[in-house]
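The tour below goes from the whole chain to single residues, one selection at a time.

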Amino acid sequence: MAYIDAYAASFNFARLVRLEHEVVSVRPSPTNEVDGSWTLLVKNYQNGNDDPPAAEEHFSAVYICTGHHGQKRMPPPLPGQTEHFTGEVVHAHDVKSGARFRGKRVIVVGLGNSGADLAAELGPIARQVYVSLKRGTWVSYRVGPFGRPMDHYFLRRAVQLLIDWLPLAVFSGLLHQLLNFRFDHRRYCLQPETLVLGQHITINDALPNLLISGRVVIKGRMVGFEEDGRSVLLEDGSKLEDIDAVSPG
């Protein structure tokens with residue numbers, strides 16, 4: 001948050017941001033077909049009122065930026081999950097603190113950014129963290145060369161020109177080398193078959209260290225649960241025993 005606050009102060013756009021406001025509705029204004037404007041009903045909670053009246057405001061453009069991860073998606077139960085598994089199944093969206101998994105054996109399903117964040121949080125405190133993957137993923141880090149944010153290097157005109165000029169396979173190959181410079185994705189069973197830019201890149205600074213130390217271990221896809229109530233079957237025929245919790249990420 002300190003970094004975000006400093007960024008906003010540096011570029012003086014905090015004055016344009018209104019917190020504690022709720023957008024009740026968004027609809028085209030009467031002149032929308034002419035000027036593309038929109039009418040919003042907005043509630044202002046800054047005065048401490050639990051139910052403030054909605055005020056009408058007009059804007060030239062509206063961006064809906066809730067993202068496609070705003071609502072959790074729980075995967076369908078695997079064979080034996082409902083009948084046999086006695087551990088906890090909780091979506092990463094509902095994990096507000098990793099303390100509940102201290103000293104436990106946990107499987108995190110998937111390694112998108114939420115799954116990676118959860119695995120990185122649990123790695124130092126859980127007894128063991130496994131990550132179940134159907135396919136690999138590319139992991140990048142936030143901190144780039146010389147301790148500056150990675151986007152400091154990539155959000156530049158020169159890099160954009162390079163992306164536009166080079167074939168996708170060539171540019172992805174360069175990124176491949178950069179991402180593997182810190183740790184070899186194939187060695188830790190993470191490297192996917194796709195090019196680096198062929199799927200979402202997971203951003204996490206802590207995960208590579210936890211993989212190297214063995215606090216987090218990559219495993220294959222889960223396919224079911226055994227009758228003993230605590231064992232999870234994997235696609236390769238192996239199983240993980242004494243599992244306390246499974247968390248789809």
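**Whole chain**

This is a predicted model, in which local features need pLDDT of at least 70, side-chain atom pairs count only at pLDDT 80 or more, and totals for chains, interfaces and linings use all residues. Residues are numbered from 1 along each chain as its sequence is written, and side-chain values use heavy atoms, with hydrogens and water left out.

Select everything and colour by secondary structure. The protein has eight helices and 13 strands; these are DSSP runs numbered from the N terminus, with helices being H or I of at least four residues and strands E of at least two. Along the principal axes, the C-alpha atoms fill a box of roughly 65 × 50 × 35 Å. The radius of gyration is 23 Å, whereas a compact globule of 249 residues would have one near 18 Å; the value is taken over C-alpha atoms, and the globule rule is 2.2 Å times the number of residues to the power 0.38.

Now colour by accessibility. Of the 249 residues, 32% are buried, where buried means under 20% relative accessible area, exposed over 50% and partly exposed in between (1.4 Å probe, protein chains only). Among contacts (heavy atoms within 4.5 Å) with a separation of 6 or more, 54% are between residues 24 or more positions apart.

Val89 stands opposite Val246 in strand 13.

**Helix 4**

Select residues 113-122. The buried residues of helix 4 are Gly115, Ala116, Leu118, Ala119, Ala120 and Leu122. What covers them? The cover includes strand 5 (105-109), strand 6 (128-132), strand 8 (202-203), helix 8 (207-213), strand 9 and strand 13.

**Helix 7, at Ser172**

Ser172 lies in helix 7 (residues 168-182). Is Ser172 buried or exposed? Ser172 is buried, with a relative accessible area of 1%. Not counting residues up to four places away in sequence, Ser172 touches Leu195, Val196 and Leu197.

**Strand 2, at Leu41**

Go to Leu41, in strand 2 (residues 38-44). Leu41 is partly exposed, at 25% relative accessible area. Beyond the neighbours within four places in sequence, the contacts of Leu41 are Glu22, Val23, Val24, Ser25, Arg27, Ala54, Ala55 and Glu56.

**The loop between helix 1 and strand 1**

Last, select Asn12 and Glu20. Asn12 is in the loop between helix 1 (2-11) and strand 1 (21-28), and Glu20 lies in the loop between helix 1 and strand 1. Phi of Asn12 is near 55 degrees, a positive value in a residue other than glycine. Phi of Glu20 is near 55 degrees, also positive in a non-glycine residue. Asn12 is partly exposed at 47%, while Glu20 counts as exposed at 53%.

Methods. Two strands pair if DSSP finds at least two bridges between them.
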